[in-house]
Amino acid sequence: MTYDTLMLWIGQFGYLALFFALWLGIVGMPIPDEVVVMTGGAVTASGLLHPVPAFLLTYLGVVSGLSLGYVLGRYAGTPVLERLRKKKKMEKAIELSEKLNQKYGSMALVISYFFPVVRHVLPYLVGMNKMSFRRYALLSYTTGFVWTFAFFFIGRLTAGHAQEIGMLIYSYGLKLLWIPLALATAWILIKLAQRKKVAGG
């Protein structure tokens with residue numbers, strides 16, 4: 001699917017086009033997630049779609065696609081990962097995902113969102129490692145909200161340049177941008193954990 005096709009889909013199917021373009025990212029859509037999410041923001045700036053439902057369907061597309069990876073990893077296990085290893089473009093992403101998982105444990109899910117492709121591999125790994133869905137959802141869905149909001153908002157600001165900027169960010173792997181976003185996400189998770197502890201205590 002090309003960028004022009006994505007815009008055609010949005011014109012024909014509206015909000016659902018954003019959802020399915022991101023949900024299908026788990027099978028390796030040609031258009032990076034960053035570009036799709038930023039395009040979602042851009043079309044709301046132009047008035048083609050309303051911001052709130054567009055953001056919600058975009059967010060649901062992101063987290064549902066990654067959740068499918070978790071389910072496949074948990075119930076299909078190693079065969080899925082081995083099939084991914086056969087794709088040359090996936091080797092580096094799998095290696096980085098494994099290193100992040102070994103070094104940071106479940107918090108690797110938070111970090112992975114800010115690395116293209118890796119964000120799709122980590123759910124397989126944590127699913128294979130039998131992480132509880134409750135913990136997976138807490139970490140992945142919270143981070144996914146922050147990540148989606150950031151790129152959706154950038155898309156609104158850049159409007160007609162969403163494709164070019166999105167591809168640039170994807171190409172450079174967010175070397176400069178993922179750090180503050182990851183820190184912000186970590187801060188939110190820490191605050192949520194503190195509140196839960198206070199409520200429980």
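**Close-up views of a predicted model**

**View 1. Arg119 forms a salt bridge with Glu34, with 2.5 Å between the closest N and O atoms.** A salt bridge here is a side-chain nitrogen of Lys or Arg within 4 Å of a carboxyl oxygen of Asp or Glu. Because Arg119 sits in helix α8 and Glu34 in helix α3, the pair ties together parts that are 85 residues apart in sequence. Helices are DSSP runs of H or I with at least four residues, numbered from the N terminus. Both partners are buried (under 20% relative accessible area, with a 1.4 Å probe and protein chains only): Arg119 has a relative accessibility of 2% and Glu34 one of 0%. This is a predicted model, in which local features need pLDDT of at least 70 and side-chain atom pairs count only at pLDDT 80 or more, while totals for chains, interfaces and linings use all residues. Residues are numbered from 1 along each chain as its sequence is written, and side-chain values use heavy atoms, leaving out hydrogens and water.

**View 2. Asp33, Glu34 and Arg119 are linked in a network of salt bridges.** The structure holds two salt bridges. Arg119 also meets the side chain of Asp33, at 3.5 Å from N to O. That pair links helix α8 with helix α3 (residues 33–45), across 86 residues. Asp33 is buried, as is Arg119.

**View 3. Ser67 lies in helix α4, which runs over residues 51–75.** Look here for a buried serine: Ser67 counts as buried because its relative accessibility is 10%. Its side chain makes a polar contact of 2.7 Å with the side chain of Tyr141. A polar contact is a pair of N or O atoms within 3.5 Å; within protein, one must be able to donate a hydrogen and the other to accept it, and residues adjacent in sequence count only if both atoms are side-chain atoms. A polar atom of the Ser67 side chain also lies 2.7 Å from the backbone oxygen of Val63. Neighbours within four places in sequence aside, Ser67 is in contact (heavy atoms within 4.5 Å) with Tyr136 and Tyr141.

**View 4. Helix α5 (residues 78–85) has Val80, Leu81 and Leu84 buried.** These residues line one face of the helix, because they fall within an arc of 95° seen down its axis; the arc is that of the directions from the helix axis to the C-beta atoms. They pack against α4, α6 (91–104) and α8 (118–128). On the face turned away from the buried side, Pro79 and Arg83 are exposed, meaning over 50% relative accessible area.

Note on methods
Helix = DSSP H or I, 4+ residues; strand = E, 2+ residues; numbered from the N terminus.
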